[in-house]
Structures are given as C-alpha cells and as structure tokens.
Amino acid sequence: MKYDFSAIEKKWQKVWDEKKCYAAINGDKKPKYYALIEFPYPSGEGLHVGHPRPYTAMDIVARKRRMQGYNVLFPIGYDAFGLPTENYAIKNKMHPREVTKRNIARFTDQLKMLGFSFDWDRVVDTTDPEYYKWTQWIFLKLFEKGLAYKTKMPVNWCTSCKCVLANEEVVNGVCERCSCEVVRKEKSQWMLKITEYAERLINDLDDLDFIERVKIQQKNWIGRSTGAEVDFDTTSGGKLRVFTTRPDTLFGATYMVISPEHELLKTWLPNLENREEVIAYQEAAARKSDFERTEMAKEKTGIELKGVRAINPVTGTEIPIFTSDYVLATYGTGAIMAVPGHDDRDWEFAKKFGLPIIEVVKGGNVEECAYTDCETGIMVNSGFLNGLSVEDAKVKITQWLAEKGLGSEKVNYKLRDWVFSRQRYWGEPIPLVYCEKCGWVPVPESELPVLLPDVDSYETTDTGESPLSLMDDWVNTSCPACGGSAKRETDTMPQWAGSSWYFLRYMDPHNKDALVGEDAIKYWNRVDWYNGGMEHTTLHLLYSRFWHKFLYDIGIVPTAEPYAKRTSHGMILGEGGDKMSKSRGNVVNPNDIVDEYGADTLRLYIMFIGDFEKAAPWSSTAVKGCKRFLDRVWNLAEKAMNTADGEYSAKNEASIHRTIKKVSDDIENVKFNTAIASLMSLVNEFSDKGCTKADMKALVKLLSPFAPHIAEELWVMLGGKGLCCEQPWLEYDEAKTIEAEKTLAVQINGKLRTTVTVPNDCEDSVVINAALEDEKVKRAMEGMKLVKTIVVKNKLINLILKPQSP
RNA sequence: GCGGAUAUGGCGGAACUGGCAGACGCGCCAGACUUAGGAUCUGGUGUCUUUGACGUGCAGGUUCGAUUCCUGUUAUCCGCACCA
C-alpha cells in the first residue's frame, strides 16, 4: 500500500471532528493547560505559509499536553475589524461584513486542512455584536474609572487612511499599515491612560516567563528614567520647571531651552525684545512634520528669548533661555536645563551659540567634546558637591533641592497615552453620547452593544470625520442622563481593541451575561503559554497587558498578568531570503504544498526549517526531504506490521529512550527542528538495524504531535487501540538512555589523534591503558615522555607528551 | 547615536556546564534498478599540496583543550530614535 496522504488526512480530520477529540471542558478534573496563538486577521489573500509556523508549534505543545493528561484549551478566532477589509469593501462595493464572512470561511477551510487541534466550538469573531458588546463594556468601565478621556491634541494623521494613528502605529514616520506619510494634526481624540500603568507594566515583567528580547523591548518602549524636577526662577517672575536625570550637574547648567510650544513662552512673548523672530521660529517649527522634527544628524536650530533670563538656583547666576525644537513639548516638562559640558546636544548647541561650557565632572576634555560617559567621575566646579562621586552628588543635591523647596525626585516615561479613536467605519462604535447639558454620557449597559449601523458609503470623509458622522438618524439620539437631545460619538475603536481581551472570551465564548463567567475564569485562570510575533511586542502584547491589569483592578480576572509565558517565532522568508510579499511574487500558498505533499509534510517542514525563533527562507526542494522521511516511516511500519509487540527490541531500546527524552525536552524548549532531526535519526537506525512493531509504535507516538494524520493511520496499521492522539505521552528511563560502551576521543597535546572504546563510566586508569595500547598513540609516543593525562569521563582523554630529554 | 541579536560547508542549520566541529535535511557525486528518471534504493560528500595540515566573520588572549570564556574589531539584521 502506498502512503495516500490526501485520503488519510481527510479521513482523520473527520474522525477527530466527530469525536470532539480537541474540545476543552470547563471545570474538568484533569489539570488545565491553556495554549494560545495570536488569532489571525482574516485578510483577502488567505493563509500564507508564515501562518502555520506558530500555529503548528503551539499545536505540537497542545497535542503533547493532551497526551500528558491535561485538559487543554487551544482555541482559534478571528480579529476581523480593520482597514484592509474596509478598503477592500470600498473598492469592490461590498459590505465589510460580507467581506469578513467570506474571508473567515476561507481561513477556516485552510486551517482545518492543516489538522490543527483547535476547539472549533469556541471560535471568536471580534466583529460579532455578541463579542464587541463586551469590548464596548470594557471601554465603558475604563471611562467610568477615568481612564478614558477626550482631549484635543496634536495627533499622528495618516494622509492615506485619513485616520489618526497611535504612536505605536507610526513606524519611521510613516503609517505602519500603508507606508504613507503621517502628519501632525490637531484633533479631539479619545485617549486611554496607559501611562497610569507604566510602572506596573515594567515591574511585573520580572516575574513572567517571557523571552528576554520581549521584556527588553517593552521596557525600552515604556522608557522609564529616574531623575529630578527642578524649578528655576526667572527674571519675569515665573518659575521654569525642568526635568533632568543628572541633577548632580546643576552647577554646569549655563543656559535653558524650552520647546516652541511651551505654555510659559506664550506669557513671555509680549515682552520679548525679539518677539517677531521668536514667533517666526515657532511657526516654522509647527510647519515641520514629526518626521522632519525628529530627524537626527541635522544641525540644531534655536533662538534666544531676549528680555527674560533664568537664575541657576545653586550658583545664583543669570543664564539665557532659548527656544529650540530639539526640546520636545511632550516629554518631561517641555523644558531643559542645558549642561553643555556633559551632554552632546547641549554641547553642540553651546558651541554654535557661543555659550559657556563648564566642566563639573572630572575626566574628560569639555573643550573638545561633551564628557557624557561620566557616571563614575568626581565632581568639580560644583560648590558644595566638589569632591563627591556622581552617585553621592545626586543624593546630596536632591536632598538640598527638597530642603529649599526647589525640586524633588521624579520618574518620567517615554510611553504616551493610547490614542483610541479612529475615523473609520469598520470598528467597534464607541458607546458614548454627547449632551450639551451633561457632557459625555455612557450608553447604559442594558443597551449594549451599540450596533454598527449600515451606512450609505464607507468612504472616509474629507473633513476627517468618520463615515458614521453622515448618518444623521444614528448620530442624533437622546441623552441617557437627562433625556434631552444628544449626539453619538462617531469615531470607532482601533484595530487593537478587540484583541486586547479575546483570550478571556475563549474561556467562556457563549456567555450572554458576562464577558467571561466567574467559574470559567477561575478554572482557566490565565494563558499558560502564548506564542506570537515580535511585531506585536509594543502593540497588542502591551495593550492587552494594560487591559488585563485594569480588569484585574476592577475584580473581573484573578491575575494581574494575562500570559504566564511568551515565546516568539521568526518570519518565513521567500526562497531568495527576501520578505514574502505579493509584489515580489514569492508568496508560497500552503494549499499548493498540501496538495502536492500533504499537511503532515508541510507541518513537519515548517518546524524543521530552522531555529523557531529566527527568520528562515522557504526552500521548495527541502520540503521534499520531509515527505521522503514520512514515506520511509510508512514503509518501515508496513514491514514491522507482523513483528513482535510488547517490549522494545533490545537493539533499539537505548535509542528509543534517548529519542523520547530528546523530543520531550526539545518541544518544551521550542527546539522543534532538533526534535525532528532526532526522529529522523531514529528512523535511520531502524532502517539499518531493523525494528519491531513495539519500536515502531513508540516512533509513531513521538511523531504524532508533528504529523498527526499519518500517525493515526500507522497506529491503526500497527494494531494500536483507540486514537493515537489520545495515547499517553511516552516516558523515558534515564538509566536506559545510557549505552554500555562509550567511544572516547584520544587527544595528544590537545589534538585529536584517534578514538578508543571503553565501558561506560569506567575508571580513568582503564581509559589511560586503552589509549596507550592504541597503535597510533604508540607511534606518537616514540621518543616522547608522558608528562600529564587529562581524562574527562565518558568524553575524552588528552595525553600531554614532551620530547625525552637527552 | 542608544538598545538587542546574529556571523559555522554549495544551502537551511546542529553542537549539553570549555571536551571527537559540521548532527539532521537539502543539494551535489558515484553506483543499483530502469525504455526513461525531476521516482526509489546503496555508498560518498568541510578545504587543501591528503601517512598530514588547515578550518566556526577578523585580530589577539586565557586554557592540556575554545564555535563556546575574555579584550579589541568588522559586517549584517531588528527595535528605538534629539526622551534631557
């Protein structure tokens, strides 16, 4: 019989489906395990070979856990709101709902084709009103607790999407989605106070089993810096407050810089001698795009404010104040004290404007360049700080400032609040109405969900308003508080809203009364292992941790963190090593691979392709190797059908135990490639030495998480009872993984000369004698004397020889 | 500029805590079976001037012994990017 993958795969998928093999059971007595993948955005292009990489990986984990006796929740769903669907709908004159429905159907077919052990009864769709009802509910809770607020502010505006973007969505000054120009625009936006959670979002990372690069990237994005706020008196009477991480260098502050948007500048402006010049500078700065403003390596510009000066609180010296766009209005206090001796930017600026440069930490040459690498230096030219270390000086000056009421310790974050409004149609409506009398009023919980109305056109408007704003019938409503006339909020939520809590819904997907039932959340607790892309580290992963902490604070969830463990996969690149993309024409469609080789081969290859955490180029020839491997397994099983069952054969026992150990450990450590390599080695050994039915059964069980369809078929062929996916995971006996004899390397003066075979764990003297018996060693010994031997147990022996002295 | 990572055959990649570098797979070479082979099977395959020498980006160092540790350096990739 030939390995007919196509018939076999369909057959077993049907069996699994009918028997509900992969259904998770709420409240089951078995220990629970929650394995999670990032649910896909159902794009019009369908699945490509990048998708199955993380899915197969977590499917392997889920399958192994079931065999280990866990009640496994391994769910799937669709993150279906968002721009590509809306744009497609506009172009093809379809309703986004229809486009979504069609795309989801296509994705579902493709996912089922690959044999993932998802619980298909728990599918979640973020565009389903039964789902987004709870997204809206969470938003209302955030609003209720003062964590959602509307404010007019300069925001990132994508000129092509005609929509605002969160900071996290602007990449290199362009829109993350369409790569079009992002400009600054004043708009009134709903914001979420993620900054209120900045400290906890950093601190709680320490206790999580996240891969290090994820933690680092999140920490950098949140960007905590510790320093002090210091007030400088000014000759105009007002106080100028600055943030600095180096209060110890206060004696070296020879001028100040404030951002062109700074509030104080507005009050000073009428009395400035060079008013016109300053206004011109402000206007020029305002005209610049964010990209131009943040561009590095350009010369600093700025202008002195003539007619107002600041007073350095420690020296009492009057120092000039400048305005410059290198000082950002949105960070710290929007103003800095400049210490040109010890900051590159300040140094450059001071040189250009001829400002004094004072060395306050010894060790560099501040006439040549700023001495910035000075955390270990000694203070000079610094009055009462002289002679102190930088560290001590920081403490002393901070105390001094506090005593005088001039400043205090302060922690600042780079993280900004989350811009939460989008001027688009295909998203969750924000469930608030505006009443002239009552202000912003939440839609009562009983009226949720606020349904997305059918509109005449999904086109974005030229005024920058959401398409919903044109629906007068929908917009005009009554105020839930006073009953008077009111208007609905017409912006929708961003793409990231629905995905910020979806993993909770999987626990209890059909609950009509709560986003998740109390029993369900108590049982499933949180996600045990979450695998997803690095590109979501400062987007979805951060946002969902924020929402989860909020839900924890209001008593909905029992843990402060949603995910116990986070791993991340590398991208699948095109054949040439470029990113897979439609424009390059190098996209591999999984359907083609499944048609030609079968789903098991695709699953195996995508896991064998390389280190799971690194990017790997697709190879259409290498796939064949995995198909060949499965063919060989099939042929071996056919040959072994009528051989002995029961115990493993003596000749293969050690190898089988070693392979069980290797595969078990490798799966836990996301080393799927070497797990498969060890299975291949075992098959090679079986081919060479022969194998029994019992040996083959072990191989089939180990193979089943990787290639589940062929495993089921071979299990039956070998006379196994029940389903292979329901067999207990194999245990290994450490003692049996050890061979009786070891081949040791024999080195002479550190260079490999030969090998000797000796009993396992034997005495050093046995090894030495065996080595000295060896012909090659004897030859090398001629005219030499042995001065030292180094024996590494079960590994090698190194003989140190020296010429015999005459 | 800052932060993180990577560098190993023709290719994808292995190598535990410093202990036989190149597992496993692709490709390639030779042979077998074939009318045929882009099927299958068997054997071989780091390089070279091949009783041996040299080899893990480059230059040093520590060590009996280094892909692994240390110092310096180069290249590539990713993230952040005037964050005071």
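Predicted model: local features only at pLDDT ≥ 70, side-chain atom pairs only at ≥ 80, totals over all residues.

**Strand notes**

I started with Val257, and its bridge partner in S15 is Phe322.

S13 (residues 255-258) is joined to S15 by three bridges, and the two run parallel. On to S14 (residues 303-311): five bridges pair S14 with S15, this time in the antiparallel sense. Here I found Glu304 opposite Phe322 in S15.

Is S15 mostly covered or mostly open? I looked up residues 318-323, and five of the six residues in S15 are buried.

Then I followed the chain through the hairpin of S14 and S15. Six residues lie between the strands, and Gly316 takes a positive phi near 75°.

**Another sheet**

I moved on to an open sheet of four strands, in the order S20-S19-S22-S21, with antiparallel pairing. Which strands stand at the edges? They are S20 (439-442) and S21 (476-478); each has a single partner strand, so one side of each has no neighbour in the sheet. From one strand to the next, the twist averages 45°.

Last, I zoomed in on S19 (residues 432-435) and S22 (residues 485-488), which pair antiparallel over three bridges. Tyr434 stands opposite Lys487 in S22.

A reminder to myself: strands of a sheet pair through backbone hydrogen bonds, either parallel or antiparallel.

Note on methods:
Residues numbered from 1 in each chain as written. Chains lettered and ligands numbered in written order. Heavy atoms only, no water. Pairing = 2+ DSSP bridges. Axes fitted to C-alpha atoms, helices over the stretch in contact; angles between N-to-C directions. Buried < 20%, exposed > 50% of the residue type's maximum accessible area, 1.4 Å probe, protein only.
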